[in-house]
Amino acid sequence: YIHIINKADMAASKGLKILVGCKRVIDYAVKVRVKPDRSGVVTEGVKHSMNPFDEIAVEEAVRMKEKKLAGEAVAISVGPPQSQETLRTALAMGIDRAIHVEIPLAQLEKLQPIHVSKLLAKVCESEKPDLVILGKQAIDDDCNQTGQMLAALLDWPQATFASKIEPSQDSKQLRVTREVDGGMETIDVSVPAVVTSDLRLNEPRYATLPNIMKAKKKPLAKMSPDQLGVDLQPRQEVISVEDPPVRKAGAKVESVEDLVGKLREKGLVK
Amino acid sequence: MLSSSRAALVAAAAKLPRLVTRYGYCTTAAGERQQQKPLSPKITTHPTRNDRAKDPRWKDIDMTRAVDEADVVIVGGGPAGLSAACRLAQLNAEKGTEMRIVVLEKASSVGAHIMSGACLDPKGLVELFPDWQERGAPLHTPVTGDKFYMLTEKRAIPLPLLPGMPMHNHGNYIVRLGNVVAWLGEQAESLGVEVYPGVAAAEVLYTEDGSAVKGVATNDVGIAKDGSPKDSFERGMEFHCKQLIIAEGTHGHLAKHLINRYDLRAGREPQTYGIGFKELWELSEDRWRPGYVEHGVGWPLDSGTYGGYFIYHLNEGSPLAAVGFVVGLDYSNPYLSPFREFQQFKHHPHVAAALTGGKRIGYGARALNEGGVQSLPKLTFPGGCLVGCTAGMINVPKVKGTHNAMKSGSLAAEAVHEAIGSGEIEPATYEEALRNSWVYKELHSVRNIRPSFHLLNGRLGMFGGMAYTGAVWYFTRGREPWTFSHGGTDHEKLLPAKDCKPKDYPKPDNVLSFDLLSSVALTSTNHDHDQPPHLTLYDDSVPGQVNLSVYDGPEQRFCPAGVYEYVELDDGSKRLQINAQNCIHCKTCDIKDPTQNINWVTPQGGEGPAYNGM
């Protein structure tokens with residue numbers, strides 16, 4: 001679809017509308033355990049929190065609001081009923097309202113980035129944001145796909161691994177600095193666009209109690225994948241999930257001759 | 001009952017330029033309270049020990065706090081705190097009164113800091129919720145079998161468990177207490193209580209004239225490790241309330257502060273403690289006996305060290321068992337490592353038989369109170385009261401305290417409700433109600449069992465205790481007219497290293513026994529690294545001067561999470577390094593530090609261990 005915004009002066013307009021994605025994942029400090037049947041990892045009773053990169057995305061949206069670059073920030077989460085807690089944290093950080101796309105438990109384990117990006121694309125059709133900020137990847141699957149797929153589905157420009165977002169020189173676009181293998185790359189993207197956050201974009205604020213209490217009054221809308229008309233048929237099948245191999249003990253050698261001898265034994269040195 | 005070595009040490013400490021008193025305040029030999037000279041590099045950067053009003057880095061920071069009002073604030077969302085909350089809500093419904101009840105819990109979710117065996121006596125729960133079964137309380141494992149053993153190095157000698165003995169468990173349930181507490185939290189919320197996990201109560205607030213408690217303040221966030229404000233700095237908020245209920249569990253930090261301030265231990269004995277370890281094991285199916293409860297004493301602890309073990313086989317669908325070990329913190333040898341005693345214990349043939357083929361999936365530790373009635377402080381103060389383990393209500397021979405904690409919470413709720421109705425500042429009827437309840441009767445009856453361990457100056461140790469239980473207690477059930485004393489605080493009982501022999505512990509085999517750091521990893525504990533360590537020292541120079549030189553740094557051994565390390569500096573001297581991130585909030589260091597120099601305060605809310613149904 002075509003989305004026209006006032007490109008004259010971003011600061012003068014009522015500001016960008018931002019949609020931020022948050023995913024509820026197992027907390028990064030938890031010692032993860034593989035289920036005995038090797039079909040996945042244990043999640044029952046395990047501490048969960050907002051994906052750290054999504055916290056950074058939420059923080060960026062709130063900062064853009066504070067800088068008057070953005071007018072409204074909406075958080076969205078695709079997940080089980082407990083994802084509401086994740087959205088409440090986003091609201092406590094300064095997001096205006098939240099959308100929860102609730103996934104029934106039976107389909108939760110088979111949910112993949114392709115489904116999430118389709119759901120987000122559908123929501124973008126009705127919400128019409130100027131900017132979508134997602135975490136660059138979730139720490140449970142490490143896929144790093146949702147942002148890119150979403151941009152492709154919407155036919156929007158994408159700026160991934162952002163470490164800085166600011167208005168471009170002429171204020172008509174966004175200037176995004178990206179962290180790439182060779183260093184940093186700065187690009188200008190026109191809005192609407194999809195940006196994914198990297199670690200150094202910002203340091204997220206704490207969701208403190210007064211804000212948590214205020215957030216209880218902010219609107220949280222619920223939607224289902226059926227309402228959005230998205231088919232959650234899995235495209236992949238997980239064969240097994242296993243622990244990383246146990247590191248084998250090394251051996252200490254007493255001298256250089258010893259070392260060479262051992263290397264010869266293993267056929268690594270002639 | 002001070003040993004002569006301890007007396008000599010006190011005399012020697014008097015010669016030091018700084019005398020660290022029992023409560024840890026720093027005084028000069030002349031008795032003046034003195035601000036410590038900054039030690040470089042500084043260990044303690046926490047604002048509780050560094051006045052921000054005098055710190056130039058805080059000059060332009062707005063320190064005002066948001067204020068909210070509630071009728072009752074409860075610090076701690078454990079069995080005692082949540083029982084108090086639920087009972088208050090029930091009373092309001094019964095009597096048509098309205099109250100705002102707020103529970104503040106420092107763990108990220110209700111139940112995440114709960115660490116217990118646990119073999120639950122359902123008495124307390126039944127009184128609070130007679131319909132607990134319909135409500136879905138997770139009590140899935142009734143006790144089906146009960147055994148008690150005395151372990152020697154090679155053998156396990158079964159001892160008779162007669163009905164009426166405190167260790168007899170018929171009618172009780174093996175539970176994962178963290179899950180029961182999470183359920184209690186849901187009940188509280190459904191009754192209209194506001195429960196806020198992830199929020200730590202950091203400071204007690206007083207009325208203008210300082211006489212009464214008026215509320216609490218939650219923790220500040222966004223302070224850097226060096227004590228300076230970060231961009232994300234935000235002040236905590238204040239809750240002003242009519243009554244404050246402290247339910248922090250054993251040796252709570254606000255409880256410690258209030259007990260000192262209102263001298264609640266006057267005329268009573270100090271509290272004594274143990275450290276409890278627990279691991280969750282997935283057993284090999286053929287060794288799993290759902291509902292089976294086993295307790296025992298003996299190897300590897302020597303007869304002079306109090307302690308024991310438990311193994312509880314759960315019945316919740318998978319072959320899980322809770323394996324635990326308690327070491328009394330009145331031990332005297334600074335070379336003793338409670339953690340390593342526990343790891344060694346699992347190698348006993350009798351225990352190894354149960355665990356072989358199994359996999360350890362959880363680990364945790366927590367201090368527990370052992371003082372019983374002798375050590376109960378005065379329970380009320382102007383503006384509030386203490387409930388549960390924070391006051392100290394564990395029935396030590398029975399190894400159970402949850403039922404007492406829940407009952408005390410309910411009784412406190414009734415007293416608090418009454419006090420608010422009548423405008424009384426102190427909920428004074430609570431203490432009397434507790435003394436007239438089954439909690440007190442039970443604790444009074446077993447009051448002499450734990451201290452009987454010290455009979456004949458401790459020479460008989462565990463044998464003395466067991467002999468007393470069998471020969472005297474079984475017949476008198478506590479009606480004997482005498483009450484044994486605990487003989488002083490746990491930290492006073494530690495002997496200087498030169499008077500003790502180092503202990504040789506076997507290396508962990510990574511099948512039955514494990515090293516400390518991989519155990520700590522299983523607690524999933526975490527703290528924001530860029531914050532002042534919450535293990536604060538009254539005096540940064542004492543660890544090197546006293547703890548290390550006199551006691552060989554016992555904190556390296558009694559901390560179950562590897563927080564304390566003495567690292568060697570370039571000039572060959574050793575310096576205490578505090579790895580605050582590892583802390584699992586057990587409070588053992590605050591209890592056992594021989595110089596009482598360590599003061600545990602709460603870190604930011606939401607931090608600490610993430611136990612899963614422990």
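**Exercise 1.** Find the salt bridge between B:Arg87 and B:Glu414, and give the distance between the closest N and O atoms.

*Solution.* Start with the rule: a salt bridge needs a side-chain nitrogen of Lys or Arg within 4 Å of a carboxyl oxygen of Asp or Glu. For B:Arg87 and B:Glu414, the closest N and O atoms are 3.0 Å apart. Helices here are DSSP runs (H or I, at least four residues), numbered from the N terminus.

A word on the model: it is predicted, so local features need pLDDT of at least 70 and side-chain atom pairs count only at pLDDT 80 or more, while totals for chains, interfaces and linings use all residues. Residues are numbered from 1 along each chain as its sequence is written, chains are lettered from A and ligands numbered from 1 in the order written, and side-chain values use heavy atoms, without hydrogens and water.

**Exercise 2.** Are B:Arg87 and B:Glu94 buried or exposed?

*Solution.* Recall the cut-offs: buried is under 20% relative accessible area, exposed over 50%, and partly exposed in between (1.4 Å probe, protein chains only). B:Arg87 has 15%, so this residue is buried. B:Glu94 has 55% and is therefore exposed. Their side chains also form a salt bridge (3.6 Å, N to O).

**Exercise 3.** Which parts of chain B do B:Glu442 and B:Lys398 tie together?

*Solution.* First, the two side chains meet in a salt bridge at 3.7 Å, N to O. B:Glu442 lies in helix α10 (residues 438-445) and B:Lys398 in the loop between β22 (384-386) and α8, so the pair ties together parts 44 residues apart in sequence. Strands such as β22 are DSSP runs too (E, at least two residues).
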